[in-house]
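I am opening a notebook page for a structure that is new to me, and I want to write down what I look up as I go. The entries follow the order in which I asked things.

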Amino acid sequence: MFIGKEYLKEKKYDKAKEFFLQASITQRDSPSLAFLGAAYYKMGDVANAERTIKEAEEIDKDSYYILRILGYKSLIMFKQNKPEGFNALTRYVKYVKQSQLPMEMDEFERMIEKNTVDLTVLDTKIEEQTSWYEDEMKRFEDGEPGYFSEKYGHR
């Protein structure tokens with residue numbers, strides 16, 4: 001998974017997909033499927049992106065990968081012009097607010113309110129936010145300094 005994440009950051013989506021696909025075959029879990037769905041989405045393979053994101057969501061609704069799942073679910077739905085994208089984006093915003101994460105939601109809320117989406121902005125912000133959140137949660141789990149260890153104390 002680590003190598004796949006690095007390829008994803010480097011925008012080498014084909015290579016990232018291969019690592020996430022292998023990880024999802026080895027262990028069918030929400031993280032490998034969420035990242036596989038993100039790689040498919042970035043490659044323009046919306047059908048496989050939708051399938052894997054839905055499977056990731058069915059497996060696990062409560063881990064910290066739910067932010068990536070909801071974010072990419074909204075992107076995938078919007079890419080297909082499906083109104084369900086607003087439901088997923090609304091759930092994303094609610095999750096961020098309920099979790100009291102230090103993320104700016106005003107732009108997302110305006111998109112929801114106006115019923116219009118700037119997919120490029122949404123794509124960039126969702127990837128930035130989900131990556132930050134997952135990195136910070138990993139630091140917290142590993143007992144390293146970061147946002148959550150400062151907020152909640154060390155594990």
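How many helices and how many strands make up the secondary structure of the protein chain? I counted nine helices and zero strands, and I kept in mind from the start that I was reading a predicted model. Read from the N terminus on, the elements run α-α-α-α-α-α-α-α-α.

**Entry: overall form**

I looked up the extent of the C-alpha trace and found that it spans about 45 × 35 × 30 Å along its principal axes. The radius of gyration is 15 Å, which agrees with the value near 15 Å that a compact globule of 155 residues would have. I noted that 46% of the 155 residues count as buried, and that the accessible surface comes to about 8,300 Å², with 48% of this belonging to carbon and sulfur atoms. Among contacts between residues at least 6 apart in sequence, 51% join residues at least 24 apart.

**Entry: the nonpolar core**

Which residues touch the most other members of the largest nonpolar core? In this core of 44 residues, I found them to be L67, Y92, F108, L122 and Y133. The elements that give two or more residues to the core are α2 (13-26), α3 (30-43), α4 (46-59), α5 (66-79), α6 (84-98), α7 (106-114) and α8 (119-141), and α5 gives the most, with nine residues. I wrote beside this that in soluble globular proteins nonpolar side chains tend to be buried together.

I then followed Y133, leaving out residues up to four places away in sequence, and found that Y133 touches Y64, L67, Y95, L101, M103 and F148.

Is D123 buried or exposed? D123 has a relative accessible area of 15%, which is under the 20% cut-off, so D123 counts as buried. Apart from neighbours within four places in sequence, D123 is in contact with Y41, K42, Y72 and L75.

**Entry: salt bridges**

A search of the whole structure gave me 15 salt bridges, and I recorded the general point that side chains of opposite charge can pair when their charged atoms come close.

Another bridge joins R139 to E136, with 2.5 Å between the closest N and O atoms, and here both residues lie in helix α8, three residues apart, or about one turn of the helix. R139 is partly exposed at 31%, whereas E136 is buried at 9%. I also found D142 and K138 meeting in a salt bridge of 3.1 Å, N to O, with D142 partly exposed at 41% relative accessibility and K138 partly exposed at 42%. I noted as well that E50, K54 and K82 are linked in a network of salt bridges.

Which residues make the nonpolar surface patch of about 310 Å²? I found F2, I3 and F19 there. F2 lies in helix α1, residues 2-9, and its relative accessibility of 61% is over the 50% cut-off, so F2 counts as exposed.

Definitions and conventions: Residues are numbered from 1 along each chain as its sequence is written. This is a predicted model: local features need pLDDT of at least 70, side-chain atom pairs count only at pLDDT 80 or more; totals for chains, interfaces and linings use all residues. Side-chain values use heavy atoms; hydrogens and water are left out. Patches are made of residues with over 30% relative accessible area and no salt bridge: like charges are joined within 9 Å, nonpolar side chains (Val, Leu, Ile, Met, Phe, Trp, Tyr) within 5 Å. Accessible areas come from the Shrake-Rupley method with a 1.4 Å probe; for residues, only the protein chains shown count as cover. A salt bridge is a side-chain nitrogen of Lys or Arg within 4 Å of a carboxyl oxygen of Asp or Glu. Helices (H or I, at least four residues) and strands (E, at least two) are DSSP runs, numbered from the N terminus. Buried means under 20% relative accessible area, exposed over 50%, partly exposed in between (1.4 Å probe, protein chains only). A nonpolar core is a set of buried Ala, Val, Leu, Ile, Met, Phe, Trp, Tyr and Cys residues joined through side-chain atoms within 4.5 Å. Contact means heavy atoms within 4.5 Å. The radius of gyration is taken over C-alpha atoms; the globule rule is 2.2 Å times the number of residues to the power 0.38.
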